[in-house]
Amino acid sequence: MMSSRLAGTALCRPLSHVPLPHGPALRPTADMITSSLLHRCPAAPAPPQTASLWPPRFSLPRCASTLSAPAQASEEEKAAKKAGTAGKVPQGEGSAQQEAVVSYWGVSPSRLVKDDGSEWRWTCFKPWETYQADLSIDLQKHHAPTTFLDKLALRTVKALRWPTDIFFQRRYACRAMMLETVAAVPGMVGGVLLHLKSLRRFEHSGGWIKALLEEAENERMHLMTFMEVAQPRWYERALVLAVQGVFFNAYFLGYLLSPKFAHRVVGYLEEEAIHSYTEFLKDIDRGAIEDLPAPAIALDYWRLPQGSTLRDVVMVIRADEAHHRDVNHFASDIHYQGLELKTTPAPLGYH
Ligand SMILES: [Fe+2]
Ligand SMILES: [Fe+2]
C-alpha cells in the first residue's frame with residue numbers, strides 16, 4: 001500500500017508521518033455566529049506556536065484543533081517560563097493571538113469565541129465566512145465547445161494538463177497543492193480588472209467583483225488546507241514563482257482582450273480540477289494515499305464534523321471546484337449573449 005508520503009514522493013515533503021490531532025469541529029449556527037461577533041475573549045489562552053513559510057519548514061503542521069489549543073498553550077507557557085521568554089505570545093496563522101502592538105491608532109482586532117467559549121484561532125477567515133459545501137452539485141456537467149473561442153479555450157486547458165500529468169503523474173496531494181497556487185489567480189485578476197472598470201466608468205459591478213474575489217479566496221483556502229498535508233520543497237516553490245509570473249500576466253492580458261474567453265478557460269480548468277480530485281479520491285479509496293485526519297483548518301472552514309478525514313476534505317474541495325466551474329461558464333455565457341457581467345446579479349457566496 002502506498003502511503004501519502006509516497007504519494008508526494010520526490011516533489012513534496014509530506015507530513016503524513018506527523019500525527020494530526022484535532023478536536024471537536026465547529027458547527028456554527030446563526031446564533032453562534034451572532035454570538036461570536038458579540039463576544040470577546042477576556043483572557044484567551046496562548047495557542048501553539050506555528051511555523052513560518054520560509055525557510056522550508058521542519059516543524060509540526062498547524063493541525064491542532066481550536067479546542068485543544070488551551071492544553072497545548074499551557075504546555076507552551078510552561079516551556080516559555082523555563083526558557084525565560086514568558087510574556088512573548090506565539091505568532092502566526094492558526095493563532096488568534098499575536099504580539100501586542102503598542103499603537104497610537106487604537107486599532108485592536110476583535111477576538112472571537114465559539115459557542116463553547118474557546119477562542120476563534122484563525123486570522124485568515126472568520127466564523128461568518130465558513131460554510132458547508134453543497135456536495136449534491138452535479139460533477140458531470142460539461143460545456144460542449146461550439147465556437148472557435150470555446151474550442152481554443154478547451155484545447156488550451158488540455159494542453160496545460162499534459163505537462164502537469166507528466167510532472168505529477170498520480171501524486172495527487174502534491175499536484176493539488178501546486179495547482180491551487182495557480183487556481184487562486186484568475187478570480188483575483190478578474191476581480192481587480194472589474195474593480196478598475198467600475199472606477200473608470202463610474203458604474204456598479206453587479207456584485208461580480210466580490211464574487212470573483214470570493215472565488216480567489218476560496219481557492220487560496222484550498223491551498224492553505226493542502227499545506228497541512230504536504231509541504232513544497234524549495235525547487236517547487238521556485239517553480240510556483242515562475243509559473244505565477246507567467247500565468248498572472250497571461251491571464252491578465254487574456255481577460256483584458258476577451259473576458260468571455262478567460263472565463264471559459266477557467267470553466268474548463270475547473271472541469272479538469274474535478275477530474276483530478278476524483279482521481280485523488282480513487283487513490284484514497286484504494287489505499288494508495290493514506291486517509292489522514294482532516295486538518296483543523298478544514299474542520300473549521302467547511303464546518304466538517306469531528307473525525308472527518310482527508311477524503312471528506314477532498315470531497316468538499318471538489319464540490320467547490322464544481323461551483324467555480326458553473327460560475328465561470330455562466331460568466332462566459334453572459335458575455336456570449338452580448339451582455340456585460342454587471343447586468344446579471346453575481347452568484348455571491350456560491351462556492
Ligand atoms: Fe481549488
Ligand atoms: Fe476552483
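At what angle do helix H5 and helix H9 pack, and how far apart are their axes? The legends below take up this question and a few others, using a predicted model.

**Figure 1. The whole protein, as a starting point.** Welcome to the predicted model. The protein has 11 helices and 2 strands. Read from the N terminus, its elements follow the order α-β-α-α-α-α-α-α-β-α-α-α-α. Of the 351 residues in the protein, 40% are buried.

**Figure 2. Helix H5 beside helix H9.** Here is the reply to the opening question: H5 (residues 172–183) and H9 (residues 259–285) pack at about 160 degrees, and their axes are 10 Å apart. Angles over 145 degrees count as roughly antiparallel, so H5 is roughly antiparallel to H9. The two helices make a left-handed crossing. On the H5 side, the contact is formed by Tyr172, Arg175, Ala176 and Ala183, while H9 brings Ala273, Ser276, Glu279, Phe280 and Asp283. Sorted by class, the residues of this contact are 5 nonpolar, 1 polar and 3 charged.

**Figure 3. A closer look at helix H5.** Are the residues of H5 mostly covered or mostly exposed? H5 is mostly covered, with 12 of its 12 residues buried. Among them are Cys174, Met178, Leu179 and Val182, as well as Arg175, Glu180 and Thr181.

**Figure 4. Helix H6 crossing helix H8.** Now turn to H6 (residues 185–201) and H8 (residues 234–257), whose axes come within 10 Å and cross at roughly 45 degrees. These two helices are therefore oblique to each other. H6 passes H8 in a right-handed crossing. From H6, the contact takes in Val185, Pro186, Val189, Gly190 and Leu193; from H8, Gln244, Phe247, Phe248, Tyr251, Phe252, Tyr255 and Leu256. This contact of H6 with H8 contains 10 nonpolar residues, 2 polar ones and no charged ones.

**Figure 5. The largest nonpolar core.** In soluble globular proteins, nonpolar side chains tend to be buried together. Which residues touch the most other members of the largest nonpolar core? Among its 56 residues, they are Ala173, Met177, Ala298 and Val314. At least two residues of this core come from each of the helices H4 (148–168), H5, H6, H7 (208–226), H8, H9, H10 (296–301) and H11 (310–336). H9 gives the largest share, 11 residues. Two of the names above bring us back to H5, where Ala173 and Met177 are buried.

Definitions and conventions: Residues are numbered from 1 along each chain as its sequence is written. Chains are lettered from A and ligands numbered from 1 in the order in which they are written. This is a predicted model: local features need pLDDT of at least 70, side-chain atom pairs count only at pLDDT 80 or more; totals for chains, interfaces and linings use all residues. Axes are lines fitted to C-alpha atoms, for helices over the stretch in contact, and angles run from 0 to 180 degrees between N-to-C directions. Helices (H or I, at least four residues) and strands (E, at least two) are DSSP runs, numbered from the N terminus. Angles under 35 degrees count as roughly parallel, over 145 as roughly antiparallel, 65 to 115 as roughly perpendicular and the rest as oblique. A crossing is left-handed if the near helix is turned anticlockwise from the far one by less than a right angle, and right-handed if clockwise. Two residues are in contact if their C-beta atoms, placed from the backbone, lie within 7 Å. Ala, Val, Leu, Ile, Met, Phe, Trp, Tyr, Cys and Pro count as nonpolar, Asp, Glu, Lys and Arg as charged, and the others, Gly among them, as polar. A nonpolar core is a set of buried Ala, Val, Leu, Ile, Met, Phe, Trp, Tyr and Cys residues joined through C-beta atoms within 7 Å. A residue is buried if 20 or more other C-beta atoms lie within 10 Å of its own, exposed if 12 or fewer, and partly exposed in between; C-beta atoms are placed from the backbone.
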